[in-house]
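The structure is shown first, and the discussion follows.

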Amino acid sequence: MWTMLATPMSTAGEINFAALGALIDHQIESGISGLLALGSTGEFYALSAMEREEVLGFVSTHVAGRVPLLAGANGGGTNEIIGHAKAAKAAGIDTVLLAPPYYSLPAQDALRRHFEEVVSRADVQVLLYDNPAQAGVDIEIDLVGQLNSDPRIVGIKEASGRIARVLAMQERFGSDLQIVSGVDDLALDLIFWGIRCWMSGPSNFLPRQMAATAKAALDGNFDNARRMMRELWPLIAEIETGKYLARIKYCCELSGLQVGDPRPPVFPISQQEAARLAPLHERASKVA
């Protein structure tokens with residue numbers, strides 16, 4: 001169970017490093033086995049290059065080897081992304097998460113050249129990230145196969161929401177490709193099919209509960225995992241209806257984690273939305 005870390009902000013909208021340290025400690029103490037810094041849940045798109053470097057340096061130093069780390073290095077262009085990947089490596093994080101560059105909608109051959117450029121010029125390992133709803137393009141299975149021949153491509157985080165795609169990759173690549181679940185509502189299904197890693201945003205505020213659910217499923221105790229997920233699911237489903245990051249941050253505050261508001265263009269949720277989330281959060285928090 002990995003957490004895609006939120007980036008706490010102060011009331012003035014600046015990065016709150018003290019709160020980030022507290023969030024990291026809470027994750028590790030609650031049984032989370034790895035952390036992703038500067039994914040979309042970490043608001044990478046709203047941070048300057050200098051702020052991104054500061055976050056990665058702080059996270060790497062604060063974690064101090066207690067759990068594995070992954071850095072998001074996403075951006076709009078290949079040269080920019082190479083710079084972010086080099087910054088991650090300079091901070092001591094050797095593996096980066098990469099989705100297709102946003103907005104440009106590159107063709108598959110262009111994507112292949114892009115990923116190869118990042119791996120070679122930044123000298124990092126890459127976990128691919130297929131999230132067509134956000135990136136606008138798929139990393140198609142044929143391209144996954146081409147890239148997977150490079151040992152520096154360590155796997156793919158799947159957020160396409162398509163189980164058939166995951167099964168097709170398992171059939172084609174077997175144990176040669178590591179697949180990571182990046183969709184909370186399908187995580188147990190994917191674990192049933194042999195996936196061994198789950199990355200989550202709600203585990204920012206429910207780390208113990210999410211880690212316990214993942215462990216039960218990974219141990220083959222699906223009755224217990226299903227029981228826990230039934231209590232978590234209504235909250236996860238509500239979060240997924242929209243304003244994902246704002247809802248994650250609100251639930252962190254309900255859990256006593258001072259992460260502040262998101263930066264624009266994402267804004268805090270309304271009072272009506274908060275009223276729907278609060279009882280679902282209370283229910284999910286009781287999972288044991």
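Is F222 buried, partly exposed or exposed? With a relative accessible area of 24%, F222 is partly exposed; here buried means under 20% relative accessible area, exposed over 50%, and partly exposed in between, with a 1.4 Å probe and protein chains only. The model is predicted, so local features need pLDDT of at least 70 and side-chain atom pairs count only at pLDDT 80 or more, while totals for chains, interfaces and linings use all residues. Residues are numbered from 1 along each chain as its sequence is written, and side-chain values use heavy atoms, leaving out hydrogens and water.

Rings of Phe, Tyr and Trp (its six-membered ring) pair if their centres lie within 6.5 Å; planes under 30 degrees apart count as stacked, over 60 as edge-to-face and the rest as tilted. One of the pairs is tilted: F17 and F58 lie 5.3 Å centre to centre, with 55° between the planes. This pair links distant parts of the chain, 41 residues apart, with F17 in helix 1 (residues 17–29) and F58 in helix 2 (residues 49–63). Helices are DSSP runs (H or I, at least four residues), numbered from the N terminus. F17 is partly exposed at 26% relative accessible area, and F58 is partly exposed at 25%.

F192 and F222 form an edge-to-face pair, because their ring centres are 6.0 Å apart and their planes stand at 75°. F192 belongs to helix 8 (residues 187–192) and F222 to helix 10 (residues 222–239), so the pair ties together parts 30 residues apart in sequence. F192 is exposed, at 56% relative accessible area. F192, W193 and F222 form one aromatic cluster.

Definitions and conventions
Helices (H or I, at least four residues) and strands (E, at least two) are DSSP runs, numbered from the N terminus.
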